[in-house]
Amino acid sequence: MFLNHISTRNVRGDVFGGVTAAVVALPMALAFGVASGAGAAAGLWGAVIIGLVASLFGGTPTLISEPTGPMTVVFTAVILSFTSQIPDKGTALAMAFTVVVLAGVFQILFGFFRLGRYITMMPYTVISGFMSGIGVILVVLQLAPFLGQSSPPGGVIGTLGALPELAAGVQPLELGLAVITLLILWFTPEQLKRFCPPQLLALVVGTVLSLTLFGDADLRRIPEFTAEFPSFNPPTFSGEQIRLMVVNGAVLGMLGCIDALLTSVVADSLTRTEHDSNKELIGQGLGNVMSGLFGGLPGAGATMGTVVNIQAGGRSALSGIVRALILMLVILLAAPLASQIPLAVLAGIALKVGFDIIDWSFLQRAHHLSIKAACITYGVIGLTVLVDLIWAVFIGVFVANVLTIERMTALQARGVKTISTTDDDVELPEDQQALLDQAAGRLLLFQLTGPMIFGVAKTISREHNAIEDCEAVLFDLTEVSHLGVTASLALENAIKEAVEVGRSVYLVVMNGSTRNRLEKLKLLELLPQNHVSENREEILRRAVGELPVLQEV
């Protein structure tokens, strides 16, 4: 089915869910639009377009898609990158929105090639560190408007370097509005949250205070924008920046996939359903393509919007469609009112989002769980904030995988044993133990168990090199569940070396993937046909019977 699950069986619940999600989305879209530098309209129309398209064509019925904190942070970095290199701001923004289109194209490709289940298969330490780093970036970038001033150039590094100047030039009234906003977001009673989302309450209270108590003050507010449908912006490419645009598009697309699919998992747990990951990626990609073409922010599945939608009764994609239509009406009918909203209030809302993105729960426990895990998490945070988002993920995944492989290799190396008598560490049936003892150390059992990945190859070579006096070697692969290419080649070298020094070589292997791998290597051709069997007892009897020392007795 091409369209998402749109049902009329739960119209009342879906409408309530859509209305509630729209109320939550409004202040967030405004805050993210202003925080990104693209403008409030870009945030609002991004919330409408992505929410509508992803609801129509996605694979998670209750998912609410809109601009999110992580996507906004990356998009902000893209805008800063282009505006610092291109004098014409209009061209720089057009190229930034083209990156949004490219991100959507990548997401569609991920879904088309059915890569959905692999997208989130990253170590939690890396995901936690990356998301926490994005949260820190969002907090840092809001410090200047929180203090009532324009953001200094240079992004995070520029803001951190300008902290003394920002502290010296703080605007008390705007700081007061921002602090009031944070207090409302943090301390709104649970009873009141059921009727009014804290974000909307903070937006309304902060704006009313700025127009009444602070009415005479010259406060920084949202620039005016027209209440009309967004215009089509054709993709804009630059030969000099094409590589950067593609890389940023891939990163933004990957982040959107992770953000959306993790939220889909949350939706599944709340509704006890199962989403279609690949279809969801295609829907998210189409949404970002359309948003980029019409000057909207990139987005993904939003956890907060999705949860409130489900809690309010939303159960099908109809709730997401209702939400998008309500937001569109608000933009077209109430756009002039938005110019009265103080930037300090939006900075307080965005700052709270940044705090919420930081994975405080895991950060408090990471060093107790594992020092290595803590180092990876904090390292990824540092790289994300101070160096580069792309390198943070690449380095984090690389280090985490190396440590995992090291651990798995150490565990799997225990499954490589050389056994000469039953006095060794061996578990064999009594009749097979008797046969091995009868060989009196002349026959060596080389036993492999479990999955043999490339890290075990060194152990296979080391154990084989340790073989000294024996006349025959029996390689037992009956309990090998997987034989990797590198381990296969190590086994081939061990068998070839045993044959070259004149040892009789026997092999026990079951029919299946392991035997197929050995046949493709043409390894079985090195041994006599009667030296290869599926029956360990049979091959043990043959090996013992063919030992010269036993024939003389």
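L474 stands opposite Y506 in strand β6. The model is predicted: local features need pLDDT of at least 70, side-chain atom pairs count only at pLDDT 80 or more, and totals for chains, interfaces and linings use all residues. Residues are numbered from 1 along each chain as its sequence is written, and side-chain values use heavy atoms, with hydrogens and water left out.

**Strand pairing**

- Helices (H or I, at least four residues) and strands (E, at least two) are DSSP runs, numbered from the N terminus.
- Two strands pair if DSSP finds at least two bridges between them.
- Strand β4 covers residues 443-452 and pairs with β5 in the parallel sense. The pairing has 8 bridges.
- P451 has H482 in β5 as its bridge partner.
- Strand β5 spans residues 472-483 and pairs with β6, again parallel, over 5 bridges.
- V473 has V505 as its bridge partner in β6.
- Strand β7 (residues 532-533) runs parallel to β6, and 2 bridges join them.
- L507 is bridged to V532 in β7.
- In a regular strand, side chains alternate between the two faces of the sheet.

**Strand β6 and its crossovers**

- Why is β6 largely enclosed by the rest of the structure? Of its 5 residues (504-508), 4 are buried, so the strand is largely enclosed.
- Buried means under 20% relative accessible area, exposed means over 50%, and partly exposed lies in between (1.4 Å probe, protein chains only).
- Helix α23 (residues 485-500) forms a right-handed β-α-β unit with β5 and β6.
- Helix α24 (residues 513-520) forms a right-handed β-α-β unit with β6 and β7.
- A crossover is right-handed if, with the strands pointing away from the viewer, the path from the first strand over the helix to the second runs clockwise.

**Largest pocket**

- Cavities and pockets are found on a 1 Å grid over the protein atoms alone. A cavity is a set of points where a 1.4 Å probe fits but cannot get out. A pocket is an open set with protein on both sides within 12 Å along at least five of seven lines. Lining residues have an atom within 4 Å of a point.
- Grid points are joined across faces, edges and corners, and a volume is the space filled by probe spheres set on the points.
- The largest pocket has a volume of about 1100 Å³.
- Its lining has 47 residues. G33, V34, G37, A38 and G39 lie nearest the centre of the pocket.
- Helices that each supply at least two lining residues are α1 (11-36), α2 (40-57), α3, α4 (89-112), α8 (155-161) and α17 (343-357).
- The pocket lining divides into 25 nonpolar, 18 polar and 4 charged residues.
- Ala, Val, Leu, Ile, Met, Phe, Trp, Tyr, Cys and Pro count as nonpolar; Asp, Glu, Lys and Arg as charged; the others, Gly among them, as polar.

**Largest cavity**

- How many cavities of 30 Å³ or more does a search of the whole structure find? The search finds 1.
- The largest cavity holds about 30 Å³ of space.
- A35, T72, V73, T76, L138, L141 and Q142 form its lining.
- α3 (69-85) and α6 (124-141) each supply at least two residues of this lining. α3 gives the most, with 3 residues.
- The cavity lining has 4 nonpolar and 3 polar residues, and no charged ones.

**Buried polar and charged side chains**

- R536 sits in helix α25 (residues 536-545). R536 is buried, at 14% relative accessible area.
- The side chain of R536 makes a polar contact with the side chain of Q432, at 2.8 Å. A polar contact is a pair of N or O atoms within 3.5 Å; within protein, one must be able to donate a hydrogen and the other to accept it, and residues adjacent in sequence count only if both atoms are side-chain atoms.
- Q149 lies in the loop between α7 (143-146) and α8. Q149 counts as buried, with 16% relative accessibility.
- Q149 and K193 are 44 residues apart in sequence. Their C-alpha atoms are 31 Å apart in space.

**Positive phi**

- R114 has phi near 60°, a positive value in a residue other than glycine. The residue is in the loop between α4 and α5 (116-119). R114 counts as exposed, at 57% relative accessibility.
- K522 also has a positive phi, near 60°. K522 lies in the loop between α24 and β7. Is K522 buried or exposed? K522 is exposed, with a relative accessible area of 52%.
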